[in-house]
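Please read this report alongside the sequence and the coordinates. It covers confidence, surface, salt bridges, the chain contact and a few backbone details.

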Amino acid sequence: MSLTEERPNTESLKRKTFEGSLHVPNVAIFLKRITIEFLQILFKTRGDFTYDSDDSCTKIQITDQFTVDLESVHTRPAIVGIRGPVTWMNRGLGGGSQESRDMKTGSFLYNDVLIGSMAFSCLSREGIEAEQIAHLVFNSFKFFRPVLQAQGVFHLKSLNIGAESLVVQEGDNDDLHIVPVYISAQVQDRWRLSNTTAQKLEQIIIEALDTSIS
Amino acid sequence: MSESDKVTGQKKFSSVKEALKDIGDQLGQIHVAVVEEEKGKK
């Protein structure tokens, strides 16, 4: 199953990855991928906490919560992305999200804004280092917001650094310090409902009924 | 379970997974506040 498309539908809005400029139709995946990719690219250029896609060379892990190597967080710092909810805002006249209607075909074009949230947990053995990484993540989103907007993020709604917390694991000599950075972003979404879709749906229903009869 | 240090107010967890889950919960609360604020502007 492919989650990206080489050539997006002409009506869909551009939501591009940094690498390969691939269109990501799924807003939830787009938000997670674009923000993690953004941090990986920025940290690649840094002299300290230099990111490398090769696990054996990188000085910092920048990854999703389900792919993070929890063993190596004790030897090198990490930024772990956690995707939160994505909410449909139901904009437009009467909350219908309607953008336009084609009078010739009777098809409707809809346009809406979705709000999605991401948290980046900055982990380190040293509290001050975790705070510093969180500060870098926070400033990266603040300073380079237009770069994200060029890739298809409509607007950054909120940006917060949370309080430092501590992980004390039994059997481990080193404690881990975690400082989270929370972001909420708006992403635009557009879709068309046309008679063709309705006809196809009707055909599918009829075919399904035929199958159930026979 | 997490416990809060009574002197510093710092949250303590016994595993990274537990801490990440707590951050996810906090994120959910922030998200709801952002959405409510945005809906209030409508």
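## Terms and conventions

Patches are made of residues with over 30% relative accessible area and no salt bridge; like charges are joined within 9 Å, and nonpolar side chains (Val, Leu, Ile, Met, Phe, Trp, Tyr) within 5 Å. Accessible areas come from the Shrake-Rupley method with a 1.4 Å probe, and for residues only the protein chains shown count as cover.

This is a predicted model, in which local features need pLDDT of at least 70 and side-chain atom pairs count only at pLDDT 80 or more, while totals for chains, interfaces and linings use all residues. Residues are numbered from 1 along each chain as its sequence is written, chains are lettered from A and ligands numbered from 1 in the order in which they are written, and side-chain values use heavy atoms, with hydrogens and water left out.

## Confidence

The predictor's confidence in each residue is given as pLDDT, from 0 to 100. Chain A has a mean pLDDT of 86, with 90% of its residues at 70 or more. Within chain A, helix 2 (residues 127–143) has the highest confidence, at a mean of 96, and helix 4 (residues 195–213) the lowest, at 76. Helices (H or I, at least four residues) and strands (E, at least two) are DSSP runs, numbered from the N terminus. Where pLDDT is low, the predicted coordinates should not be read in detail.

## A nonpolar patch on chain A

A:W88, A:W191 and A:L193 make a nonpolar surface patch of about 310 Å². Of these residues, A:L193 belongs to strand 7 (residues 176–193) of chain A. A:L193 has a relative accessible area of 44%, so it is partly exposed; the classes are buried (under 20%), exposed (over 50%) and partly exposed (in between), with a 1.4 Å probe and protein chains only.

## Salt bridges within the chains

A salt bridge here is a side-chain nitrogen of Lys or Arg within 4 Å of a carboxyl oxygen of Asp or Glu. Over all chains, the whole structure holds seven salt bridges. In one of them, A:R190 pairs with A:E99 at 3.1 Å, N to O. Because A:R190 lies in strand 7 of chain A and A:E99 in strand 3 (residues 98–101) of chain A, the pair ties together parts that are 91 residues apart in sequence. A:R190 is partly exposed at 25% relative accessible area, and A:E99 is partly exposed at 36%.

In chain B, the side chains of B:D22 and B:K11 form a salt bridge of 3.1 Å, N to O. The pair ties together parts that are 11 residues apart in sequence, because B:D22 is in helix 1 (residues 16–40) of chain B and B:K11 in strand 2 (residues 11–13) of chain B. B:D22 is buried, at 16% relative accessible area, whereas B:K11 is partly exposed at 30%. Another salt bridge joins B:D25 to B:K21 at 3.4 Å, N to O. B:D25 and B:K21 are four residues apart in helix 1 of chain B, so about one helical turn separates them. B:D25 is partly exposed at 41% relative accessibility, and B:K21 is exposed at 56%.

## Contact between the chains

About 2300 Å² is buried between chain B and chain A, 69% of it on carbon and sulfur atoms. Buried area is the accessible area (1.4 Å probe) that two parts lose on being put together, summed over both.

How many salt bridges are counted between chain B and chain A? The count is one salt bridge. The side chains of A:K157 and B:E38 meet in a salt bridge at 2.7 Å, N to O.

## Local details in chain A

A:H155 is in strand 5 (residues 153–161) of chain A and is partly exposed, with 29% relative accessibility. Leaving out residues up to four places away in sequence, A:H155 touches A:Q149, A:S184, A:A185 and A:Q186.

Most residues other than glycine have a negative phi. A:S21, although not a glycine, has a positive phi of about 50°; A:S21 sits in the segment before helix 1 (27–44) of chain A and is partly exposed at 40% relative accessibility. A:F49, also not a glycine, has a positive phi of about 45°. A:F49 is in the loop between helix 1 and strand 1 (61–64) of chain A and is buried, at 12% relative accessible area.

Methods:
Contact = heavy atoms within 4.5 Å.
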